[in-house]
Structure formats: structure tokens, C-alpha cells
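User: Could we go through the charged side-chain pairs here, and then one further site?
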Amino acid sequence: MYYGNIKNCDIADGVGVRISLFVSGCTHRCRGCFQPETWSFSYGKPYTTETENELLALLEPSYINGLTLLGGEPMEPPNQRALLPLLHRVRERFPQKDVWCYTGYTLERDLLRGGSACCEVTAEMLGLIDVLVDGEFIEEQKNLKLKFRGSENQRLIDLPRTLQSGQTVLLKL
């Protein structure tokens, strides 16, 4: 996996001050995407053990609320496989911090069993994420007044409550 950027002290991509990892590779290619360079799976730098260790070090300060995964597309199956060990390490080391993930995929259609982006690690990965922001960016539904999303169709999903109940539970902010 490659990544395009790591943002330290990001306040735009989730609640509080966050560390954000922008992964490379996206097959959605949404019109109006704010980072089309991340569509290429080989854009940026290789994601290595050193990268993962850097992310963990950046998460260390108490004022950091958590980690955000976005891109590109974190839920492309090859990216899921690369990110799963990071999520395990974050949960083990920082159980009090939350994990947000932005995806153009839709939870029910694409990520749950049998979905187009579902692979052998998807269920495990979803179990390690607190908030899933799902749905492709749709330029015609762009709304700058929305919190933590770009278009009206995108949802902020409370993933632990959703997985526990079997019903989609939207995050209340």
C-alpha cells in the first residue's frame, strides 16, 4: 500500500484533534474529488513499518482524540489488508482513542458480507472502527454546512452500535 499524506493535528476529519492517514488507491473516482491524485494505488510513499510506528508516535499525546483513515479509499480490499495491523496496534495501545474511516463504499451494499468491497478482513476491520463515513462524494449534493462530510448522501455511522444491533445507527453530533 502507498499513502499520500499524514496530517498531524487535523481538526476537519472527525471530532477533536486527530491524526489522519490519507491512503492511496481509489476505484470510485468521484467527480469533484478533493484529492484525485490519491486515486492511483502507487501515489505517494510506500506504507512501511516505519510509517506505522510514526502514526503510533503521533497518536501518543493526550490531546489527540484519535485516528482517521481516508484517502484514496481505505476500504479497497488491498488497503484493508494493509491497514488491519495498524488498527490492532492502535486499539491495543490507545483503547481510549477513537478511529474514524471515510469510504466511498456503502456499508450495507458494499462492506457487509457478500458486498463488492468485502474481503477476508473486512468484518474484522469494521469491528475496529468507531465511525464510518460512507457513500461516494456526489458533487450535485455538495453541502459545505455538513459536519465531517462533503455531500448530502454521506452518512456518519456509529459502527459499534450498528454492528451490535444489526440496524444502521447514525452518529448524533
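Analyst: A salt bridge is taken as a side-chain nitrogen of Lys or Arg within 4 Å of a carboxyl oxygen of Asp or Glu. This is a predicted model, in which local features need pLDDT of at least 70, side-chain atom pairs count only at pLDDT 80 or more, and totals for chains, interfaces and linings use all residues. Residues are numbered from 1 along each chain as its sequence is written, and side-chain values use heavy atoms, with hydrogens and water left out.

User: How many salt bridges does that rule give?
Analyst: The count is eleven salt bridges.

User: Which residue does E139 pair with?
Analyst: E139 forms a salt bridge with R31, at 2.8 Å from N to O. R31 lies in the loop between strand 2 (17-23) and strand 3 (45-46), and E139 in the loop between strand 6 (131-134) and strand 7 (155-158), so the pair ties together parts that are 108 residues apart in sequence. Strands here are DSSP runs of E with at least two residues, helices are runs of H or I with at least four, and both are numbered from the N terminus.

User: Is R31 buried or exposed?
Analyst: R31 counts as exposed, at 53% relative accessibility, while E139 is partly exposed at 34%. Buried means under 20% relative accessible area, exposed over 50%, and partly exposed in between, with a 1.4 Å probe and protein chains only.

User: What about R31 and E140?
Analyst: These two also form a salt bridge, and their closest N and O atoms are 1.8 Å apart. This pair links distant parts of the chain, 109 residues apart, with E140 in the loop between strand 6 and strand 7. Both R31 and E140 are exposed.

User: And what does D110 pair with?
Analyst: D110 forms a salt bridge with R109, with 3.0 Å between the closest N and O atoms. D110 is buried at 6% relative accessibility, whereas R109 is exposed at 56%. As for networks, salt bridges that share partners join R31, E139 and E140 into one.

User: Changing topic, where is T122?
Analyst: T122 is in helix 4, residues 122-126. At 0% relative accessibility, T122 counts as buried.

User: Which side chain makes a polar contact with T122?
Analyst: That of Q80, at 2.6 Å. A polar contact is a pair of N or O atoms within 3.5 Å; within protein, one must be able to donate a hydrogen and the other to accept it, and residues adjacent in sequence count only if both atoms are side-chain atoms.

User: What else does T122 touch?
Analyst: Leaving aside residues up to four places away in sequence, T122 touches M75, L111 and A117 as well as Q80, where contact means heavy atoms within 4.5 Å.
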